[in-house]
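Please study the sequence and the model shown here before turning to the exercises. Each exercise sets a task and is followed by a worked solution.

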Amino acid sequence: MDDIDRQLIALLQQDATQSYAALGKAVGLSAGAAHERVRKLRGQGVIRATTVDVDPAALDRGVLAFVLVDSTAWMGDRAEDFAAVPEIQEAHVIAGSAAVLVKVRTSTTERLQDVLRRLYAIDGVSGTQATVVLETFFERPLDAGQALPLGSARLGGVTPARRR
C-alpha cells in the first residue's frame with residue numbers, strides 16, 4: 001500500500017459516495033485508475049465494507065455500555081455465542097482481569113439487563129461488569145495515514161459524537 005492508496009482510503013472514510021472521477025482528481029489519477037486501486041484494496045481486505053454512519057438514538061439504541069465479561073474458561077472459541085446476541089456491536093478477547101470486552105447498544109437500561117442475563121447463559125461466563133456511557137466526546141475513524149510517532153497526539157479526523 002502506498003501513499004495514494006492511503007489518500008484514497010482517507011477520502012472514502014470522509015465520504016464513501018464520492019465518484020471515482022472525484023477520487024482520482026483528488027489524488028492525481030484518472031477515474032479508471034482510482035477505481036482499480038479501490039477494487040484492489042477491497043480484494044485485499046483493506047477496505048472491508050462501505051457503510052453509513054447512523055445515529056444510534058435515531059434507531060432507538062441510545063444506551064451504550066461496555067461490558068467486561070469474566071469467565072471460568074478460555075473464551076477465545078466463543079465468538080459465535082457472543083455474535084448470537086444482536087445488541088452486541090463488538091466483542092474482543094482481552095488480556096487482564098476479564099476475558100472478553102463487549103460493546104452493547106440497547107434502547108433502555110432494562111434491555112441492557114436482558115443482554116447481561118443472556119451473557120450469563122454463555123457457557124463459561126461467570127460474571128459481568130457493565131459501564132454505561134453518559135456522553136461520547138468523539139469517535140475517531142482509523143487514520144489511513146502513516147502510524148503516529150510515540151507520544152504524539154492528533155485530533156485530525158475526529159468525528160464529533162451525537163448526544164445520546
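Predicted model: local features only at pLDDT ≥ 70, side-chain atom pairs only at ≥ 80, totals over all residues.

Residues are numbered from 1 along each chain as its sequence is written, and side-chain values use heavy atoms, with hydrogens and water left out.

**Exercise 1.** Describe the secondary structure of the chain and state how much of the chain is buried.

*Solution.* Step one: helices (H or I, at least four residues) and strands (E, at least two) are DSSP runs numbered from the N terminus. The chain has five helices and six strands. Step two: in sequence order, these elements give the pattern α-α-α-β-α-β-β-α-β-β-β. Step three: buried means under 20% relative accessible area, exposed over 50%, and partly exposed in between (1.4 Å probe, protein chains only). By this criterion, 25% of the 164 residues count as buried.

**Exercise 2.** Identify the main contributors to the largest nonpolar core.

*Solution.* Step one: a nonpolar core is a set of buried Ala, Val, Leu, Ile, Met, Phe, Trp, Tyr and Cys residues joined through side-chain atoms within 4.5 Å. The largest such core has 17 residues, and those with the most contacts inside it are Val 67, Val 69, Phe 82, Val 102 and Leu 119. Step two: strand 1, strand 3 (100-106) and helix 5 (109-120) are the elements that give two or more residues to this core. Helix 5 gives the most, with four residues. Step three: a second, separate core of 11 residues includes Ile 9, Leu 12, Leu 41 and Ile 47.

**Exercise 3.** Determine whether Arg 105 is buried or exposed, and find its side-chain partner.

*Solution.* Step one: Arg 105 lies in strand 3. Step two: Arg 105 has a relative accessible area of 6%, and is therefore buried. Step three: a polar contact (a pair of N or O atoms within 3.5 Å; within protein, one must be able to donate a hydrogen and the other to accept it, and residues adjacent in sequence count only if both atoms are side-chain atoms) of 2.8 Å joins the side chains of Arg 105 and Gln 89.

**Exercise 4.** Locate Leu 59 and classify its exposure.

*Solution.* Step one: Leu 59 lies in the loop between helix 3 (31-43) and strand 1 (63-71). Step two: the relative accessible area of Leu 59 is 54%, so Leu 59 is exposed.
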